[in-house]
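Let's take a quick tour of the charged side-chain pairs in this one. Have the viewer open and follow along.

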Amino acid sequence: MKRLSSDEYFLKIALVVAERSTCLRHHIGAVAVRNKQILTTGYNGAAAGLKDCLELGCLRNEKNIPSGTQHEICRAIHAEQNVIIQASLHGVSLEGATVYCTHTPCILCAKMLVNAKIKRFVSFAKYADDSFLELFKQANIKIDILEKPSDLISFLA
């Protein structure tokens, strides 16, 4: 048995964070990290204190809206947006951070991550929108798409 790499470790944490999602389509989790320390986490779901899709149903499903389009027709705030919002609420800068996320970002989240000045984005699953690639390239944000970490929790003997 080998010890998890830092990337595997933080991607596994993003998977656990995704379990809090209230989205009926995608469970997405994100973790912002700098110097191997977790800064903030976020998952996709309705705004705090408001009814979510688990209770009300999915607007996007009802209107047959394809993934990766018409983001405004959704109750959910994306995981990456919640990572940024949590940082703001707690006075934490994300400048120079790495964001580990279960999925690659939509273009709206990518723009926000550029302005938050992250330096790296790590994921294992692709979202339906690849337009973030050119934006991240222009902003010199390193992108790593890795293998999905194991769902199993293992312990060193």
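## The overall count

Keep in mind that this is a predicted model. How many salt bridges does a search of the whole structure find? It turns up six. As background, side chains of opposite charge can pair when their charged atoms come close.

## Lys 2 with Glu 8

One of the pairs links Lys 2 to Glu 8, with an N to O distance of 3.3 Å. Lys 2 is exposed, at 58% relative accessible area. Glu 8 has a relative accessible area of 27%, and since exposed needs over 50% and buried means under 20%, Glu 8 lands in the partly exposed class.

## Lys 51 with Glu 55

Another salt bridge brings together the side chains of Lys 51 and Glu 55, at 3.9 Å from N to O. That still qualifies because the cut-off is within 4 Å. Glu 55 has 53% relative accessibility and counts as exposed.

Is Asp 144 buried or exposed? Asp 144 is buried, because its relative accessibility is 15% and the limit for buried is under 20%. Lys 142, at 47%, counts as partly exposed.

Technical notes. Residues numbered from 1 in each chain as written. Predicted model: local features only at pLDDT ≥ 70, side-chain atom pairs only at ≥ 80, totals over all residues. Heavy atoms only, no water. Buried < 20%, exposed > 50% of the residue type's maximum accessible area, 1.4 Å probe, protein only.
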